[in-house]
Amino acid sequence: MTEKAIKVKGLQKSYKQLHVLKGVDFEVEKGSIFALLGSNGAGKTTLIKILTTLLKQDEGTAIVNGYDVASQPAHVRQSFSLTGQFAAVDEVLTGRENLIMIARLRHVKHPRQVADELLTRFGLTEAANRRASTYSGGMRRRLDITMSLVGTPPILFLDEPTTGLDPEARIEMWKVMKGLADDGMTVFLTTQYLDEAEQLADRIAILHEGKIIASGTLTELKQLFPPAEVEYVEKQPTLEEIFLAIIGKKEGK
Ligand SMILES: Nc1ncnc2c1ncn2[C@@H]1O[C@H](COP(=O)(O)OP(=O)(O)OP(=O)(O)O)[C@@H](O)[C@H]1O
Ligand SMILES: [Mg+2]
């Protein structure tokens, strides 16, 4: 049996009258990349906030790195790093200063050395002494993720890591995420880009109307949706077609 980095069972959350999560269940294996797909407002950020102890659930349990988010939040907080939907980079500081600041906040030994190693690893050495306000969107996003790696936590949460990046920067970001998973880190990401999930994720879950309505590997999801026959040629469905078919099916009920 493989160990689970995240286990979620029967998770529910409402904002006043708005019932956003209506019983969410899923598990994420250690060292894997897990993609949570969902339309705008599906509850992806809400779920990430609960898993990272920023928000309390109403019902259900969530275990992160073996710790319960409700009863052991301090342990949970030491187990992950979060790159939110909007960049947390300080614009006035340089890239290097941003990293050193985070390393100090996290009580990492030799903050300067750690900062320089990360800058090299993520190709930011040349821009290291420039203020972050002069970075392009892609560089800022890269710095943001680099900052979340200070202290190497076992789990990385990324809320829409590539939204707003150009195709080249996205592909570069995918490489970064794959590399982290290869090094044994568990990566949990939300995305609205179906090709991103298709390219990156070991497992994919679709959050729709408050529940995970489908989950599995890409191959498993493809089996839910029989290939369309175009004359004599079999056509494999794209994840986008699967996603829309599943959502459409549920809405049609
Ligand atoms: N603090 C809040 N108070 C009230 N309603 C909220 C709050 N935060 C989120 N919501 C609502 O809950 C629903 C889910 O929001 P959430 O941000 O989790 O969605 P999302 O899947 O992350 O969307 P997006 O793809 O746009 O980031 C939305 O309808 C949103 O308006
Ligand atoms: Mg969101």
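Call a residue buried if 20 or more other C-beta atoms, placed from the backbone, lie within 10 Å of its own, exposed if 12 or fewer do, and partly exposed in between. By that count, 36% of the 253 residues of the chain are buried. Keep in mind that this is a predicted model, where local features need pLDDT of at least 70, side-chain atom pairs count only at pLDDT 80 or more, and totals for chains, interfaces and linings use all residues. Residues are numbered from 1 along each chain as its sequence is written, while chains are lettered from A and ligands numbered from 1 in the order in which they are written.

Now the fold. The chain has nine helices and 12 strands, taken as DSSP runs (H or I, at least four residues; E, at least two) numbered from the N terminus. Its C-alpha trace spans about 60 × 50 × 40 Å along the principal axes.

What about the inside? A nonpolar core here is a set of buried Ala, Val, Leu, Ile, Met, Phe, Trp, Tyr and Cys residues joined through C-beta atoms within 7 Å. The largest one has 47 residues, with Ala35, Leu37 and Val64 among those with the most contacts inside it. Strand S3 (residues 33-37) gives this core the most, five residues. Apart from it sits another core of 17 residues, including Ile100 and Leu118.

Finally, look at ligand 1. It has 13 residues around it, and Tyr15, Asn40, Lys44, Thr45 and Thr46 come nearest; a residue qualifies if its C-beta atom, placed from the backbone, lies within 6 Å. Strand S2 (18-29) and helix H1 (44-51) each give two or more residues to this shell, and H1 gives the most, three.
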